[in-house]
Amino acid sequence: MKRIALSLLAVLALGAPAKAIVGGPFDNNLFYSPTVDGTFQGTLSGKNISAVMVFSVGASAPISSTTGSTDARFPNVGKMVSFYRGGTALSYMDAVADGNSRNIAAVITGESELLIQGFMSAKFDNIYPSITYKGKADMSAYWEDVVNPSNSFYEEFSARVRGIKTANTPSAGYWLWN
C-alpha cells in the first residue's frame, strides 16, 4: 500500500508544472500593479553579444505638461553588463516607459574601455499578471587597442531584447553597482 501511495505521489509531483513565487522585497509581495512604475530586468542577445540589464521607471511628473498624460515618466538610470567578442563592458541606461502606448525606450551609453552603446525600443508583450516586453536594440561596439592598433574595431549591430517588470518599486538605478 505504501508503494502505491508513493508511486502515485511521484507521478503527481513529476506531472505538475513548475510555479514561481511572485513578489519580493522591493514591493511588499504585491506583484501586480496597473502602472508602469517599477524595476525592469531584461536580456539582450545577438551575434557575438549577450547582456543583462536592470532599470527603473519611477513615479515622477509627466514628461510633457501639455499632453496631460500621467503615465509617461521622466527617464531613470539603469545599468547593463555586456559580453561582446570575449570582452566585458559596463553601460548606463536612461529609460522611459509609457503605459498608454505600451512602449519602453532606452538610450545605452558605454562607460568602459570596450564601449557598447545604442538605443533600445520595446513593446509591452503582456500586462497581466506581470508586465513583459520584447523589442530590439540598435547598438555599436568600439574598442581601441593602443598597443596593437590593427586589433581595434568599430562595429554596428542589432540585437533582440526581452524582459519583465520585477518589482513595483523603482530601485534599479539607485542601488545597483553604486
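First, my rule: I call it a salt bridge when a side-chain nitrogen of Lys or Arg sits within 4 Å of a carboxyl oxygen of Asp or Glu. By that rule I get three salt bridges.

Before going on, a note on what I'm looking at. This is a predicted model, where local features need pLDDT of at least 70 and side-chain atom pairs count only at pLDDT 80 or more, while totals for chains, interfaces and linings use all residues. Residues are numbered from 1 along each chain as its sequence is written, and side-chain values use heavy atoms, with hydrogens and water left out.

Entry: Arg 85 and Glu 155. I looked up this pair and found a salt bridge, with the closest N and O atoms 2.5 Å apart. Arg 85 lies in the loop between β3 (76-84) and β4 (87-98) and Glu 155 in strand β8, so the bridge ties together parts that are 70 residues apart in sequence. The strands here are DSSP runs of E, at least two residues long, numbered from the N terminus. For accessibility I use relative accessible area: under 20% is buried, over 50% is exposed, and in between is partly exposed (1.4 Å probe, protein chains only). Arg 85 is partly exposed at 45%, and Glu 155 is partly exposed at 27%.

Entry: Asp 125 and Lys 134. They form a salt bridge too, the closest N and O atoms being 3.7 Å apart. Asp 125 comes out partly exposed at 45%, and Lys 134 partly exposed at 40%.

Entry: Lys 136 and Asp 138. Their side chains meet in a salt bridge at 3.5 Å, N to O. Lys 136 has a relative accessible area of 42%, so I log it as partly exposed. Asp 138 is partly exposed as well, at 40%.

Entry: Asp 145. Where is Asp 145? I find it in the loop between β7 (132-143) and β8 (153-167). Asp 145 is buried yet has no salt bridge, and the nearest side chain of opposite charge, Arg 85, is 10 Å away. For charge, I count Lys and Arg as positive and Asp and Glu as negative, leaving out His and the chain ends.

What does the side chain of Asp 145 reach? It reaches the backbone nitrogen of Val 147 at 3.0 Å. A polar atom of that Asp 145 side chain also lies 3.1 Å from the backbone nitrogen of Asn 148. Leaving aside residues up to four places away in sequence, Asp 145 touches Asn 151 and Ser 152, where touching means heavy atoms within 4.5 Å.

Terms used: Helix = DSSP H or I, 4+ residues; strand = E, 2+ residues; numbered from the N terminus. Polar contact = N/O pair within 3.5 Å; in protein donor to acceptor, adjacent residues only side chain to side chain.
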